[in-house]
Amino acid sequence: MVKNQTRKEETRRSILDAASRGFREFGFAGVGVDAIAKSANATSGAFYAHFGSKDGAFCAALELGLDEVIGGVPRFQRDFGDGWTDTFIDYYLGQSHRDDLACGCAMTSLSPEMTRADDKTRALYDRKMKIIAGLVAKGLTQFPADQRQQKAWAFLGILIGGLTIARGLQDEAAIDAVTSSIKSTAASILTPLG
């Protein structure tokens, strides 16, 4: 019984990981149930048994991806102290993160999908993004408490939008120009005036 339960949990996790990679790399419409199941070395029947539908798998993949950010932001804050935002900016807009759609940040890859998502998925997105913004705000101690949330949303919006544009471009010089501009703009909004 325990062995069967463990195998079932491993299959679910394998399908979820494959769905997460697939949705981030190809978008909701760009990957099908059969491709996700095949990537997970599972059957389509197992996919439906675990997630019920493609929408169910997308919602679970979104939660997994945003939870990665929720775990990652405090690590950056802990490991890099007052310089955490500079390190985060460099990582977020860096080439390895920029080029890795399948394992890159779910905020950038999956946010555009929210305009077409169902109410349950959008509610999950709202809840998780508010947590992320709150975590970012906690680390912006250079600002008065009443300004931190606004700065956090601006910071996230600049990084997510900038990475989206950079990923859409083909010309390396344009990509470099965009990432350089976004890096300096993201850093400048985190510098208190005066």
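## Surface and overall build

Accessible areas here come from the Shrake-Rupley method with a 1.4 Å probe, and for residues only the protein chains shown count as cover. On that basis, the protein chain has an accessible surface of about 10300 Å². Carbon and sulfur atoms account for 53% of that surface. The model is predicted: local features need pLDDT of at least 70, side-chain atom pairs count only at pLDDT 80 or more, and totals for chains, interfaces and linings use all residues. Residues are numbered from 1 along each chain as its sequence is written, and side-chain values use heavy atoms, with hydrogens and water left out.

The protein chain holds 10 helices and 0 strands. Helices (H or I, at least four residues) and strands (E, at least two) are DSSP runs, numbered from the N terminus. The C-alpha atoms fill a box of roughly 65 × 40 × 30 Å along the principal axes. Of the 194 residues, 42% count as buried. Buried means under 20% relative accessible area, exposed over 50%, and partly exposed in between (1.4 Å probe, protein chains only).

## Contacts along the chain

Contact means heavy atoms within 4.5 Å. Take the contacts between residues at least 6 apart in sequence: 68% of them join residues at least 24 apart.

## Helix 4 against helix 5

The axes of helix 4 (residues 54-80) and helix 5 (residues 84-93) come within 8 Å and cross at roughly 125°. Axes are lines fitted to C-alpha atoms, for helices over the stretch in contact, and angles run from 0 to 180 degrees between N-to-C directions. The two helices are therefore oblique to each other. Angles under 35 degrees count as roughly parallel, over 145 as roughly antiparallel, 65 to 115 as roughly perpendicular and the rest as oblique.

Helix 4 contributes Val73, Phe76, Gln77 and Phe80 to the contact. Helix 5 contributes Trp84, Thr87, Phe88 and Tyr91. By class, that makes 6 nonpolar, 2 polar and no charged residues. Ala, Val, Leu, Ile, Met, Phe, Trp, Tyr, Cys and Pro count as nonpolar, Asp, Glu, Lys and Arg as charged, and the others, Gly among them, as polar.

## Two loop residues

Ala29 lies in the loop between helix 1 (2-26) and helix 2. Ala29 counts as exposed, at 75% relative accessibility. Its C-alpha atom is 9.3 Å from that of Glu113, 84 residues apart along the chain.

Asn41 sits in the loop between helix 2 (33-39) and helix 3 (44-51). Asn41 is also exposed, at 76% relative accessibility. Its phi is positive, about 55°, although Asn41 is not a glycine. Most residues other than glycine have a negative phi.
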